Amino acid sequence: RSYGSAETAYVLPAITLEARDALLNISTKDDTIPVIRVNPLYKNMLKSKKVDEGTKNFIRQKIQNASNLMRAIHQRKETLTKVVSIIAQTQREALTEGMEKLKPLTLKEIAQRVNVHESTISRIVMNKYVQTPIGIFALRDFFSSCLTTDDGEDVSAQSIKLKVRELIEHEDKNHPLKDQEIAALILQSEKMPLARRTIAKY
């Protein structure tokens, strides 16, 4: 602290998920979205006979640009709400019981359901945080690729990573678990075969 110059980055959730009567209610914080208005002065100038036509055309073009921007911001907010709604439906257990209950969910799946390009979803969730009943998380935390257990059940890769972390946190620090031992414990508890290099990567 005496010598560091890095500024503290505060996390401000853009969305809140509240558990009410077995439902997850979604609310967006509008103060995280810029408010854009067109100054009435310019609209009045369009009606004035004292303003030349060239100036009026310039004002019309700028007002149209502002309208397009306001429409894009509104559409982005609607898409964000749809994305969070799908996350809330898919990851309900994780949101109420813990992140180890995460289910497989990808940006591509969300994009198909919202009917937009995958890159659009990626931009929308980037640096966005959500307040949930179990804490504040980045929206990206709820996306996870799919792994398949020996029983043929689909499991979230993120949930397996959390299991690995949990084993490491509770291991005897004087005799830490080897990668192969962790893989064996995951296979035993989750029926999930993992290569040693996968454990090392996680």
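**Close-up views of a predicted model**

**View 1. Four strands build an open sheet.** Reading across the sheet, the order is β2-β1-β3-β4, and the pairing is mixed. Look for the edges: β2 (23–28) and β4 (135–138) each have a single partner strand, so one side of each has no neighbour in the sheet. From one strand to the next, the twist averages 25 degrees.

**View 2. Strands β1 and β2 pair up.** As a reminder, strands of a sheet pair through backbone hydrogen bonds, either parallel or antiparallel. Here β1 (residues 15–20) and β2 pair in the antiparallel sense, over six bridges.

View 3. A search of the whole structure turns up one aromatic pair. Its partners are F137 and F142, arranged edge-to-face, with 5.8 Å centre to centre and 70 degrees between the planes. Are these two residues buried or exposed? Both F137 and F142 are buried.

**View 4. Two asparagines have a positive phi.** N115 is not a glycine, yet its phi is positive, at about 70 degrees. You can find N115 in the loop between α4 (107–114) and α5 (118–125), and it is exposed, with a relative accessible area of 70%. N127, also not a glycine, has a positive phi of about 60 degrees. This residue sits in the loop between α5 and β3 (129–132). N127 is exposed too, with a relative accessible area of 66%.

How values were computed
Residues are numbered from 1 along each chain as its sequence is written. This is a predicted model: local features need pLDDT of at least 70, side-chain atom pairs count only at pLDDT 80 or more; totals for chains, interfaces and linings use all residues. Side-chain values use heavy atoms; hydrogens and water are left out. Rings of Phe, Tyr and Trp (its six-membered ring) pair if their centres lie within 6.5 Å; planes under 30 degrees apart count as stacked, over 60 as edge-to-face and the rest as tilted. Buried means under 20% relative accessible area, exposed over 50%, partly exposed in between (1.4 Å probe, protein chains only). Two strands pair if DSSP finds at least two bridges between them. Axes are lines fitted to C-alpha atoms, for helices over the stretch in contact, and angles run from 0 to 180 degrees between N-to-C directions.
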